[in-house]
Amino acid sequence: MTDLSPCVQYARALVQCPSVTPAEAGALSFLQGELERLGFACERLVFRDEDIPDVDNLFARIGTKAPHLCFAGHTDVVPVGDEAAWTHPPFSAEIVDGVVYGRGTADMKGSVACFLAAAERVVKARDTGALPGSISFLITGDEEAIAINGTVKVLQWMADNGHTPDHCLVGEPTCPQKVGEEIKIGRRGSLTADLEISGKQGHVAYQHFACNPVPAMAAALAALTGAPLDNGTNHFPPSNLEVTTVDVGNAADNIIPARVTATFNTRFNDLHTHDTLAEIVRRRVEEAIAPFMTDDKLSAKLTFRYSNADAFMTEPGPLIDAMAAAISKHTGLTPKLSTAGGTSDARFIKNFCPVFEFGPLNQTIHQVDERVPIADLELVTDIYTSFIENYFATFSSAETSAAA
């Protein structure tokens, strides 16, 4: 299939590497080879931590001067699940009716392939010395799992070695229906909490000898979910708290349980931080269970699990305008500026430079028969190419003016 466009060839080659987190499986090696062919200086960075797998990462840069645009992404993918349920083998990258099938086509090897093809166009259009700035790739194999030995450590290595970018594009799939519909300019934060209320086990017919913790838990959960946390902001929806588990571990229907546990997760906007939100949650729980705590047989414990994911946003301005103009040029759409969805590695990058996200459709990510149309890959490549050109036109001019 040598008649396929470069972005499709690159996407297929990457998908055919079974790089389920944390396996590299040849994906980074393929990407490194292609980048070195274009003149990028590459560094393979293997990071380690106690009791967790080592992770292989790739940093590549062409050019040495500002402005420095970084493309961040990942080549690790989630497990395929029931392989027999797939219409086409998940790592075959088969093309059927103009659609590439395979794990990672959308999330996010397709985006990596598109930016590689776009960078190739820009670099080949002028020799390296004529680039008005720098382009780099920050590619990790640790995004879909615990994200300890990946982007966060590469960023620190970049800072320590003089490679901190001026701006960053993350290639996560962002569009729900049509390529170009949305640019993610931020992400909500995430906070998980576990509430345990203990009482005294007993027979339901002799309740006076026991102490049931379930009513106190019911009151706590009602208080947490019964009133909104806020009304949202200009670019963020209202924060939402969702109860994900409630368990008494009870195997019989005639036993008052000794304890009940619940877990809930909050996706929150920029009105809160982890700490301020935790205080709101703690206050609501304490007020709700206070009437029950007069019984000394009851006790409660509330613990929080911090995910290093506060809400953040890159303010609309020249950076976002450069991408919006590229999208409009190739699609005619005016993209929505969104902060919806879960978390991404942009939560780490925002500590080093302004960051936003744009990529293909997210309809099939993490699903059986994950796929992306060839036309979408080619369109994203065109958009990325125009964005790089817009970026240098905007920010190299700004650098020149500042120097003058």
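The protein chain carries 30 positive and 51 negative side chains. The centres of these two sets lie 2 Å apart. The model is a predicted one, and the points below are grouped by topic.

**Fold and extent**
- Nine helices and 19 strands make up the secondary structure of the protein chain.
- The C-alpha trace of the protein chain spans about 85 × 55 × 45 Å along its principal axes.

**Burial and surface**
- The protein chain has 404 residues, and 51% of them count as buried.
- About 17,100 Å² of accessible surface is found for the protein chain.
- Carbon and sulfur atoms account for 50% of that accessible surface.

**Cysteines**
- The count of disulfides in the model is zero.
- Cysteine 17 has its closest cysteine sulfur in cysteine 42, but the two sulfurs are 15 Å apart, which is too far for a bond; a disulfide requires sulfur atoms within 2.5 Å.
- Cysteine 17 counts as buried because its relative accessibility is 11%, and the cut-off for buried is under 20%.
- Cysteine 175 is likewise in no disulfide, as the nearest cysteine sulfur, that of cysteine 114, is 12 Å away.
- With a relative accessible area of 0%, cysteine 175 is buried.

Conventions
Residues are numbered from 1 along each chain as its sequence is written. This is a predicted model: local features need pLDDT of at least 70, side-chain atom pairs count only at pLDDT 80 or more; totals for chains, interfaces and linings use all residues. Side-chain values use heavy atoms; hydrogens and water are left out. Helices (H or I, at least four residues) and strands (E, at least two) are DSSP runs, numbered from the N terminus. Buried means under 20% relative accessible area, exposed over 50%, partly exposed in between (1.4 Å probe, protein chains only). Accessible areas come from the Shrake-Rupley method with a 1.4 Å probe; for residues, only the protein chains shown count as cover. Lys and Arg count as positive and Asp and Glu as negative; His and the chain ends are not counted. The place of a charge is taken as NZ of Lys, CZ of Arg, CG of Asp or CD of Glu.
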